[in-house]
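These are my notebook entries on a structure that I had not examined before. I set down what I looked up, topic by topic.

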Amino acid sequence: MDFILIILASGVATGTVLLYATVGEAFSERSGILNLGVEGMMLIGAMTAYKVSAATNNPWLGLLVAMFAAGAISQVHAFITITLQSDQVVSGLALNFLAIGISLVLGEGLTSLRDVVPSLPSFSIPVLVQIPILGRIFFTNQSVMVYLGFIFVPLAWYYINRTRPGLHLRAVGEYPAAADTLGIGVYSLRYFYVFVGGLLAGLGGATISLSISPGWFGALTTAGQGWIAIGLVIFAQWNPVRAAFGAYTFGALRRLVLDIQGPATLLGFANPFFYNPHNAFFLKMIPFAFTIVVLVIGSREANRKRIGTPSALGLPYIRGQRGL
Amino acid sequence: MNQEKLSTETEIVVRMSGVSKRFPGVLANDQVDFDLRKGEVHALLGENGAGKSTLMNVLAGMYRADGGTITVHDQLVDFGSPREAIEAGIGMVHQHFMLVPSQSVTENILLGLDEPRFRMHLPQYNRKIEQMAEQYGLHVDPAARIWQLTVGEQQRVEILKMLYRGADVLIMDEPTAVLAPSEIDELFNTLRSMTAQGKSIVFISHKLHEVMDISDRVTVLQKGAVTSSGVPTADVTRADLARMMVGREVVFRIDKKDVEIGDVVLSVEGLKADNEKGLPALRGVDLNVHAGEIVGLAGVAGNGQSELSETLAGLREALDGKVMVHGEDVTNKSVKSGIRQGISLVPADRTLVGTAPNLSVTDNVIMKNYDQSPIGHGWMVNSTEAGNYATELKDDYDIMVPTIDTSVRLLSGGNLQKVILAREISSDPKLMIAVQPTRGLDVGAIEGVQKLLLEQRESGAAILLISEELEELLSLSDRIYVIYEGEIMGEVLDGDIDKIGQMMTGTRLEQIDTQGDA
Amino acid sequence: MTDTDMKKSASRFKLPFSVKIEPRVDDPPKWFSPMLSVIAVVFALLIGALVIWLGGGEPWKAYAHIARYSFGSVGVLSDTMVKAIPLMLVGLACSLAFRMKLWNIGAEGQFYLGAFGASMIVLLPVLPEDAPKWLFIITMIISGMLFGALWGFIPGFLKAKYNVNEIISTLMMNYIAIEWNNYFIYAVWSEGGFQMSRMFQRNAWLPRFSDLGKTIPFFRGLTTHMGLLFAIIAAVILWWILAKSQWGYEIRLIGDNPRAAEYAGVSIKKNVVLVMMLSGALAGLAGMSEITGVVHRLQGAISPGYGYTGIIIAWLAKLNPLAVILVSILFGALILAGREVQPSGIPTLIQGVIIVALIASDYFLRNRVSITRRMEE
């Protein structure tokens, strides 16, 4: 029991990274722009956060700068896809290369700074911590970023579904021509939400390097989580609440893969991963294989229900041209 | 705006003088004068491509004019965006509705407004919109989502959207194109009630009888220039308008040669199929087409026409029923086998379905026979043969294109349709399914396309013509079926418009006949 | 100055020329697109120079260094070719898939599986140790390509059957492939506890130019291996398929407008699976040739991201198989000599800038930009 609680608790922590990145991508896609550069933007965020914290000894400043750095790099994609109207898939891939390249160049030498760089605080929430089970999973000695995530998800949901800017966001992604005739700035809103996607991806990256697994390990810092986030957006059907569910599940899965190698016995049986650690290579495949499974489920569901995918996702908007 | 003038007949709300608009290669509007009086319906008449929509798009702020002046309530204006036009009281209801399908009626109406500031109090606004709908007789449920509404209801939402923004000038771009006859009557009633309340309406159309019906005055455009400016509708005849519109005497009936009707080519029995959403689109369709006849399929858009054409061509799965071509069962056979059987399809959407935009003219015309001798050769495509074939079609069908290597995305709509027709006809089809073959083309191109269809008929092909243009169906077809919600309501041999109209709204032929008898 | 004055002067001030951008109404000339690619590369190199300079290095020295250590002599040119061979094959793999707008980002994983498939022949072993060289080469090619094709088939099938986004699935397959290989390196074929297999016996090596060194002294010490031949043959075949064959026509048709392809009776699902498999097989062949031509054993980190660089190469070559060969040599040089440039992320960064500049430049393929002097208006 204890073992499971530990995995779930650290799963929530790990999942928080995915949560920010996934919701960020959901914002971008809701506005009609597919940004495949999440992995690169997260890496920029992780690198910047770590570098700035190391230089200023202030992790909060690091966090802030990281968000804006990732937001800034996202604007390259915004410019290419919105203003130049080039292919969003190729541009997103290109952004990845660019962002990873920049991160590696600027991140040179950061690895050796381990244990010198201050991390973001972790603490337990009084009162809530006493709730049986849930208190242990969600409110015991978690990073401040985890708690921010709890607040962030409902806010994001409310913003998208119940406010005027959210209404405009949905309109721009569903039917930009309609939004345009009513005086909604399609281009500027898309720029803005791509930027929001960048901010949140940067936040996710910073959460890794400053809190969840502190340090800078080059491209291994994010280790494909940006791609998993893009897969999760489809599963989440562009809904922050479903995104949170998916992110925490994935976080738990990632932790399970790491932690299951610890105990000598599992449910009373000899633990095959303890006695032959090589079997762990198969364990490590699970999160990636599971992403594919989730995609299959997500696609089938999206086929059944028409709602979900923003209709104009992936299409450039050109005023006066026919179509969406 | 506080200079409340007396509502006399002569108060001019909008005046456009000498307005020109140029697009690359086309002069869409050439020094056009147009004025709109308070409380009138002013029809803007012209063929497709005459520049009606362009002119009104300039007025509605979608485009900026290259020359001329516009005044609204005697104030000089120069709209940079639709929003500015709406703020000046000018709203446009586009041919393709500008509504977000997944959002509710109220959400669509509130879109882009400054009120509410942040939080949406939907119930409160629902009530407000309900009241407004009542005032103008535009009944619609404010909480319903757009995709749940009929086309007629969606149009009402569009009108409400403009009224909510305080528009006193309403531009309706071909509003009847998507409506059934009874819905058209309802729309006209609404328009009359709005003019009675002091609104002014621009009614864009190319349908003469509607213009005669609803408008107080009419301005006619031909090739971007005005041929008749603001004459009272009562003073002109239909024939006058037709002449001003086309620039020559129009033959209302196309010369159709007598062709001997041959064997049954296509026979469809009890055909059922679903649409993309998995909802039934065809609920048991029965029809047949003989060699040497053009059979029309009339119906309001979205009643299963496109699903029918796709199912016949093998693009959509038939869930039940039978499709026979020349006595052979072809139900759910592959598209390719349909092509080999001599089924050809002119799709409704030229750019989305009919052509590959970035491929050359050659690559586009060999789409159906790239794997057949002489163009297909073993595993290869014989590029010399393909080139010869393309050149031949280019000359035969008079396709205006610099070379056969040009990408087809650079072709005009008329030329693109020629590419498609050339491809579909040159295979000597036994059965030709033509969906909206003249939509969006200019007069000359329309005549060309219709001529090609008639030639096919004379050479003994069976043609199923699916169209939303009743006039076109009446002039070309030997018989007309009417489809409603995926079922054939009946068949008309004599072109009885009244019967067709009733069937388009869901009355079966048997019911009409019994009513007539009684 | 008052507000109105400002406005007046603003309206009075006009540039002596005006820039007009409008959609092209004709196809751009044939030389235009390659020229944009060259400009993109030059632009990227300039940015790279700027970064090196900002980092305190000497950019021109660094580039001269790259040029010398990649093209300076026959020996280093041969090493450049060695780096270019896997790039050529994965570049071809990506070009094929991208022609159909099938975003196979999984060349990296297919490369690993190809390497695994080839190694399996020696290590399992499938063939006896003393089997003839030609038999080894043929079996390893088949096995490597089969495993690559398998790794392409899975996302292809999922796309055809369940409409699963292939970008994510192929990427996930990359990570799985690496763990798969790791398992065999660590657990099954580990030699003496090291994370690598034993060295293959010599008759399982691809022939190299240096093998001819005894008879023709010119070839002495040249490491370029037979994989170059594979890549060139593959490029020619692929070019032929795409430009001349009916299958190639179908691929181009689907790539440009899938709905039109469907309407012309072309099966999209079948082609998705086939193209993913052939694309995977090409990437698998890259892995096979790298293992048997260069590394000669199965180990970790056999690819410094070849599969991802292949994406850039394909794009830079405008998906033209023959151009892929040339572009790969350029990138081979960048990877080979770039290892010595500091900071070490520079080559990745330059690749990133190249592709960003390239995508952006597509705009000029679709639009005509004309600059006219005001006087002429």
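**Entry 1: a helix pair in chain C**

I began with helix α8 (residues 227-244) of chain C and helix α11 (residues 268-295) of chain C, whose axes come within 10 Å and cross at roughly 165°. α8(C) is therefore roughly antiparallel to α11(C). I used the convention that angles under 35 degrees count as roughly parallel, over 145 as roughly antiparallel, 65 to 115 as roughly perpendicular and the rest as oblique. Axes are lines fitted to C-alpha atoms, for helices over the stretch in contact, and angles run from 0 to 180 degrees between N-to-C directions. Helices (H or I, at least four residues) and strands (E, at least two) are DSSP runs, numbered from the N terminus.

I noted that the crossing of α8(C) and α11(C) is left-handed. A crossing is left-handed if the near helix is turned anticlockwise from the far one by less than a right angle, and right-handed if clockwise.

I then listed the contact: Gly227(C), Phe230(C) and Ala234(C) come from α8(C), and Leu282(C), Leu285(C), Ser289(C) and Gly293(C) from α11(C). Two residues are in contact if their C-beta atoms, placed from the backbone, lie within 7 Å. By class, this contact of α8(C) with α11(C) has four nonpolar, three polar and no charged residues. Ala, Val, Leu, Ile, Met, Phe, Trp, Tyr, Cys and Pro count as nonpolar, Asp, Glu, Lys and Arg as charged, and the others, Gly among them, as polar.

**Entry 2: the model and its numbering**

I recorded that this is a predicted model, in which local features need pLDDT of at least 70, side-chain atom pairs count only at pLDDT 80 or more, and totals for chains, interfaces and linings use all residues. Residues are numbered from 1 along each chain as its sequence is written, while chains are lettered from A and ligands numbered from 1 in the order in which they are written.

**Entry 3: a helix pair in chain A**

Among the residues in contact are Ile73(A) and Val76(A) of α3(A) and Leu95(A) and Leu98(A) of α4(A). The contact of α3(A) with α4(A) comprises six nonpolar, five polar and no charged residues.

**Entry 4: contacts with chain C**

How many residues of chain A are in contact with chain C? I found 37 residues of chain A in contact with 37 residues of chain C. On the chain A side, α3, α4, α10 (225-236) and α13 (280-304) of chain A are the elements that give two or more residues. α13(A) gives the most, with 13 residues. The side of chain A that touches chain C has 25 nonpolar, nine polar and three charged residues.

For chain B, 28 residues are in contact with 18 residues of chain C. The side of chain B that touches chain C divides into 17 nonpolar, eight polar and three charged residues.

**Entry 5: two sheets in chain B**

I traced an open sheet of six strands with mixed pairing, in the order β6-β7-β8-β3-β9-β10 (chain B). β6 (90-93) and β10 (225-232) of chain B stand at the edges, each with a single partner strand, so one side of each has no neighbour in the sheet. Two strands pair if DSSP finds at least two bridges between them. Strand β9 (residues 217-222) of chain B pairs with β10(B) in the antiparallel sense over five bridges, and Gln222(B) stands opposite Ala225(B) in β10(B).

Another open sheet of six strands, also with mixed pairing, has the order β16-β19-β20-β13-β21-β22 (chain B). Strand β13 (residues 294-298) of chain B and strand β21 (residues 479-484) of chain B pair in the parallel sense over four bridges. The bridge partner of Gly296(B) in β21(B) is Ile480(B).

**Entry 6: backbone exceptions**

Most residues other than glycine have a negative phi, and most peptide bonds are trans. I noted a cis peptide bond from Ser373(B) to Pro374(B), with omega near 5°. Another cis peptide bond joins Leu124(C) and Pro125(C), with omega about -15°. Asn141(A), not a glycine, has a positive phi of about 50°.
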